[in-house]
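Hi,

Here is the complex I promised to pass along. Have a look when you get a minute, and my notes follow below.

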Amino acid sequence: MPQDIALPRSSLSGSTVLRTRKVSADRTLRWLLWACVFASLGLLVLYPLIWLIMGSFQTAMGEWTLGHYEEVFSSYYLNLLWDSLWFTFLATVVAMALGVPMAWAVARTDMPGKSLFRAASAVTFVLPPLFQAMAFVFIFQPNAGLLNLLFDDLFGVKPFDIFTFSGLVLVTALGAYPQSFLLVDSALRSMDPALEEAATTVGASRWRVLRSITLPLVLPSILTGMNLTAIHNLVVFGPPAVIGIPANIYVMATQIYVELSTFPPRLEFTAALSILFLGFAAILLTFQLFVLRRRSFSTIVGKGMRPREIPLGPWRWAAFALCGALVFTALLFPAAILVSISLSKVWTNWFQLDNFTIAHYVQVLFVHSRTLDSIANTLILALVTVASTLSAGLVIAYIIVKTRHRARQILNYLSFIPYSIPGAVFTVGVILAFIRPPFVLYGTLGILAACYFARFLPFAIQPLSAALRQIDNSLLEAGRVAGAGWWRTTRRITLPLLKFSVLSTVLLVFVACLREVVSAILLAAPNTETMMVSAFRLWEEGAVQETAALMVVLLVLVLVFFTVARSVIGNRLYD
Amino acid sequence: MKPIEITSLVKRYAPGPAAVDGISLLAEQGAVTTLLGPSGCGKTTTLRCIAGLETPDEGEIRMGEQVLFSSRSRVNVPSEDRNIGMVFQNYALWPHMSVRENIGFGLALRGWSRSRIIERIRQVLDLVRLGDRIDAMPGHLSGGQQQRIALGRALAYNPEVLLLDEPLANLDARLREEMRFELRNIQERTGVTAICVTHDQSEAMVLSDKIVVMRDGRIEQEGAPREIYERPRTEFTARFIGLSNLIGISGIEPSGNGLRGRAAFGEIVFPDGTMETQKIAKLSVRPEDVVVSATRPDSLPNAFPAEIKTLVYQGETVAMFADVGGQEIRVHVGRGLEAAEGDRVFLAFHPSRLVPVEA
Amino acid sequence: MKINKEQVLAGGMAIAGACFLWLSTPSLAADEGLIERARQEGKVVFYTSKATANAEGVAKGFTDKYGIPVQLFRAGGTQIAQKLALELRSGKLEADVAETSDPTMLTVLYRQGAMEPFAPENGKSLPAEFKHPKDGWTGSSIALMHLIVNANEVSPEEEPKSWADLADPKWKGKLVWGSPNYGSSQYAALKGLLELHGWDLIEAMKKNETMIIRGWPEAENAVASGERLVGGDASSRSFRAMSGGLPLRNVYPEEGSIVSLSAIGVMKGAPHPNAAKLLIEYVLSEEGQQIYAENFAYPVRQDVPVGDSMKPLTEIKMHTPDSEEAVDQHAQIVRRWTQMMER
């Protein structure tokens, strides 16, 4: 009875003509998107880099010179480079020493308070390092630091001095530990417990399993975490600016900032200096590529099985105390300090009831046009950046993953260049490129948007291409075969399937915009300050309470964002 | 329902041997044509070329009168305009759409009215016997159900041709067995032209009107399942389709109205086929075609003494591995056989069951 | 460089005298045509190194009076100059009016052709020392650079009496000073110190582990919190800080507090040139000067009284740095300082 399935088919022949037209529209649309992406990468990634290099060989008047390089290779700057690397190394080691054991304790033991530690670490991760740095100045400055005063009362000594190299390293590490913590925690959680159980069945002790099975399996995650932490520390601006500069300790980001914020600004020299730093950042990047290439076995994951928890016995409370101390020091204490300062009339009178005022919040949120504008600017920038990186990221991830386009490798490299370049360095290129015709963007929000786009695009491409890789080609081919053209397949199948990663990309880029300091501070014109720039400038002006109030506003924003993200994404947030 | 005709199709992925190396074949209207071969033989690539998911380098593909692809006249109809239905190996059900949406997708694209779409979805679900799962999400369906939905989705919009890429490979053994017949049944009811790709010869046997055996991008042999099974032309086909004992043979000469040659264990007579004598490399004989007897069977030629090495109980039959003058021969005998390992018996090959094959 | 003490004294006296002796002139009503043209331009962009309250006060007063909104950028004078330099390079000037707390930056910019000569009506009566010879800028207020001490920790007996006392080892680890890399009045202060004591004093301050900060407010916070005990400061800031309750006390060094003249000017190629001129007229008007005075700046106009909490200039010994020399030696001094103190 073949008849029961054979329905009238008249509608088919008629639509053939229509669809031929659709095909050409499809092709045009695709071509247009491809072209847009290539053009924007060329303009926003390649063009600033070309100017960074050209500028480093020019005087401010545009004459060619090697003079900048002569100065760059003087002992001061070579020392600075060495200091930067040494600082990066130490801060990374300390951050790893804090983050990795805590990750193990949270992921694999029966220590109490795990979700608290995860949440606190995630919030710390999202906060700009400027946050901790400012708070820690009040806690640990050598003479008037809160803890120093306390020790002075109790024991007659003031043991802490934050304005030292070790102070800088510790504060930076406290802000950087969540990177490795979150990575290793997620790797440990997703590891197939059968791998460890298998070792137990052949007679390995618990510690032997940890050493011979668990550790080697999460080693790639640890290395990746270390590398990301190192990159973070190499480019970090907040602690070196707030703690380093008063202590006369300069690192790459702050030196660039200083060179550019004095009069006359030495743009071209800074370009040459940036290129010196670039060479060393390239070493880290190469390491990163090396690690990522060898990562394949870290993807051996179980299917939602909960790993067995190792009972720590009474030690669980010791572990809890240690992790608690870390979370307290890195997040809760600094937050409490900033809140208390922001609510005080005279900030040197700690914790006195008659000292309470909300005037600074009123100033920051309702009166000062500067902070008001900066909040608006931050939100506008974040929205624009999210929209632009998301759309470009989708197209690029699609080309890289789902096509055999000849240029897709070039596209891949091009879009990841800014990721491998320290933010301050790339920003110097952006200034040099967009301070001159034909694309004069200097002094507008546009230059910040351009810089943010290039810098945060990898944040979008990474999760999107990972997600696209998860989508089997056959799902898209099934769409094509069923009669949907490229665009319809994309709209009806690809995009809906990417919904989750699109959402997390939005959150990721949004947070990156919120906490960005160094690019913003180098690019911001008076009317294009972001919240972080405003906070930093208020700090420079000595408006301590307003700075604290603005930082607390940021903290609230971050917490709101975090709660929203968690309710939308759930626990996968930590991955 | 139109036939598919492929002419001199070539597809290269990289410099080196072509994945599809100049094949020509005809998939007849309303019939099931199966491309059968080991992985890497080019069968899936051929199917994807028909679907328009790969662009061939040379050749021509036609669906009835319509040219789908021609390297000479530079025609390449995009996949979405070929009006083809395809069932993917992993079913490729869109996980974010319900069963209804999965099936209705192709219909909506063809501008069907809402009421017609609903009617058609019900019809299709009845056809694949899943009428009660219309609102289910694919993730909540079993493998067999997903398979049937995928089939329903591919058939919903009355495609000219149905392409099946290893349609049963992901099912467990029992379900696979059932679905073969079900698939065949549905194809017969719809009368759609079907092209199926599989590496499973028993699947091909049940499903196909015509089997095309492929090897290294070329067609090794094509024909009805019975023909392929009973008259393999090459050693490759004989080995790949079913089980076969291959007896090396030399010194072939005419003998009566047949041929005669030397095997390792003695002289053997066999019928003269269409093949040139010089090309004959081996004789193929199926395990179930070998006759076992305790004493020398006088009525049969080609009887040789043998020793039973191993007996393996297989359920419906018993596999016997016997040594015949140094060569191991596999024989499938009934369960009634009373014999033990180490027994000496005689094996006889009926000449009509001996198929000369090329190397 | 050797500075004749009498010369310094004379300079200080001259300005102090000028503050009192120039004739009281009524604020001229701004030219109606200028107001009209300014209104048509719609807004004015004002870069200033004045404290926020001053800046916002003047901006609000101006907007209330003329209905023209003011877009403010507040930063250290050096940073303002840096921002202007980059804007000039980009060819897209945002700023209309620039005000720094020392004229050096504006003179440098004038020499680069970036300042539009403008002689405001309300500045006519100001003495010549308060104006650029070619009208590149006009003085808008005065601040004194002096010392501050933590009022709780440092008694009047032990406090430093002179700039030279900064070299005293007893202040080791207890000093804080502002970098000329960020603020223009910090540069004025450094230039004054160099004129009085030369680089030897700076060297000694380095030995005393002086903490270097970017702006005077940071110094106030450091001293008020007890982080440091003695620091440099500008009068425009210290009076405000003390009125806000910070435990500080001003110390006027024996050699003379260093005079830092705020300077205001119109940018060449300003997007809103008329609004810019009107704003400068307003700043120099009695009303504008009043706002500055209420916010702890010494007015340049003699007809405007200083704020109640401020010590009259006549009671303070002053030292005025050589402004021409300050411009000529700017790059050199800042460079030497940076290498000595910030590296």
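How far apart do the closest C-alpha atoms of chain B and chain C lie? They are 50 Å apart, and no contact joins the two chains. Of the 2 pairs of chains in contact, it is chains A and C that share the most contacts.

Bear in mind that this is a predicted model. The predictor puts the ipTM of the complex at 0.83 and the pTM at 0.81. Chain C has a mean pLDDT of 87, with 91% of its residues at 70 or more.

On to the domains. Chain C is assigned domain 1 (5-142 + 260-311) and domain 2 (144-258 + 333-341), and their centres, taken over C-alpha atoms, are separated by 26 Å. Domain 1 of chain C puts 23 residues into the contact and domain 2 of chain C puts in 18. Between them the two domains bury about 1600 Å², 58% of it on carbon and sulfur atoms. On the domain 1 side, C:Thr78, C:Ser260 and C:Phe296 supply 32% of the area buried against domain 2, more than any other three residues.

One helix pair to look at: H6 (residues 184-197) and H13 (residues 330-341) of chain C pack at about 85 degrees, axes 11 Å apart, which makes H6(C) roughly perpendicular to H13(C). The residues of this contact divide into 6 nonpolar, 1 polar and 1 charged. From H6(C), C:Tyr187, C:Leu190, C:Lys191 and C:Leu194 meet C:His330, C:Ile333, C:Val334 and C:Trp337 in H13(C).

Cheers

Note on methods
Residues numbered from 1 in each chain as written. Chains lettered and ligands numbered in written order. Predicted model: local features only at pLDDT ≥ 70, side-chain atom pairs only at ≥ 80, totals over all residues. Heavy atoms only, no water. pLDDT = per-residue confidence, 0-100. Contact = heavy atoms within 4.5 Å. Axes fitted to C-alpha atoms, helices over the stretch in contact; angles between N-to-C directions. Helix = DSSP H or I, 4+ residues; strand = E, 2+ residues; numbered from the N terminus. Parallel < 35°, antiparallel > 145°, perpendicular 65-115°, else oblique. Nonpolar A, V, L, I, M, F, W, Y, C, P; charged D, E, K, R; others polar. Domains from an automatic or database assignment. Buried area = accessible area lost by both parts, 1.4 Å probe.
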